[in-house]
Amino acid sequence: MTAVRPAPGRTSGNRGAPGPRWRRSLRPLLLTGPFAAYNRPEMPSERETYPVPTPSALVGTLESIYWNPGLTFRIRKIHVLNPIDIMGCRRNEVASPAPSRDLAKFFKDVARGMERKEMPCYDTAGPKKRQQRAAPMLVDVAYIVEADMVDNPLGGVRADPDRSLALYCKSVRKGAHMNPYLGTEDCPCEFSLARPEDFEGAYTHCPPMDLGWVFHSWDRTDPGRPRPRFFHCILDHGVIDVEHSEVAAL
């Protein structure tokens, strides 16, 4: 790994891209759910989850609440509230995408079924294309995310910061345009603004814990060859300071 730190005028999420033209701090957001899974990229066959969320996955959670191509989110801190508990399970997964001809037949059958008021049951994958994989998952999770909304120089459009912040706050109060999840779509979550009493967690009075290197984001200095970036994850009294952590690119 090559250790790197965001240089002045650069963003931590897209190293090599011009710095953001504006930045807006967001109120801390509470995320809770019965399950979470943040799979390690070095284990593509048998799933293995990180013990804590990755900044990239949390950006996806925030973007499911409010998305605009002209902006993105920068994770500053992650508060881990509940004890880290990993449960082993197995899931049925599809080995390959369904062929387009099977999907076309499926949608035709659905159209006919709607006319006859009889919905068809049609398996586009088939039993031979299904396989079981180990999928350890985090159980009973709760996190508080501190993040910034920043301009996205690579988005191709310019977003108004004040209007975008108002729309984001409205989505937090009234509901997201997409169902947010914690790592994978099998792990939906609930979200709300964090209250002062929510910051007290299971690791608040614990000494620092070294959780190793955790996936951070993609380095897109070379658009044709993105490189994964990892950060040294330290859980200090229940808080992961992503903004000031050491970052390294492969």
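Me: What makes a set of residues a nonpolar core?
Reply: A nonpolar core is a set of buried Ala, Val, Leu, Ile, Met, Phe, Trp, Tyr and Cys residues joined through side-chain atoms within 4.5 Å. Buried means under 20% relative accessible area, exposed over 50%, and partly exposed in between (1.4 Å probe, protein chains only). The structure here is a predicted model, where local features need pLDDT of at least 70 and side-chain atom pairs count only at pLDDT 80 or more, while totals for chains, interfaces and linings use all residues. Residues are numbered from 1 along each chain as its sequence is written, and side-chain values use heavy atoms, leaving out hydrogens and water.

Me: Which residues touch the most other members of the largest nonpolar core?
Reply: They are Ile75, Tyr168 and Ile240, in a core of 44 residues. Strand β8 (137-151) gives the most to this core, with 7 residues. Helices and strands here are DSSP runs numbered from the N terminus (helices are H or I, at least four residues; strands are E, at least two).

Me: Why is Thr72 called buried?
Reply: Its relative accessibility is 10%, and the cut-off for buried is under 20%, so Thr72 counts as buried. You can find Thr72 in strand β4 (residues 71-80).

Me: Which residues does Thr72 touch, not counting those up to four places away in sequence?
Reply: Contact means heavy atoms within 4.5 Å. By that rule Thr72 touches Val59, Glu63, Asp148, Met149, Val150, Asp151 and Asn152.

Me: How do you know that α3 is close to its expected length from first C-alpha to last?
Reply: The expected span is 1.5 Å times one less than the number of residues. For α3, with 14 residues, 20 Å is expected, and the helix reaches 20 Å.

Me: What puts the buried residues of α3 on the same side?
Reply: Good one! The buried residues are Pro161, Ser164, Tyr168, Ser171 and Val172. They cover an arc of only 100° around the axis, so they sit on the same side of α3. The arc is that of the directions from the helix axis to the C-beta atoms. On the other side, Asp162, Arg163, Arg173 and Lys174 are exposed.

Me: What covers the buried residues of α3?
Reply: The cover includes β2 (23-25), β3, α1, β4, β8 and β9 (190-193).

Me: Which residue caps the N-terminal end of α3?
Reply: That is Asp160, with a side-chain oxygen 3.4 Å from the backbone nitrogen of Asp162.

Methods:
A polar contact is a pair of N or O atoms within 3.5 Å; within protein, one must be able to donate a hydrogen and the other to accept it, and residues adjacent in sequence count only if both atoms are side-chain atoms.
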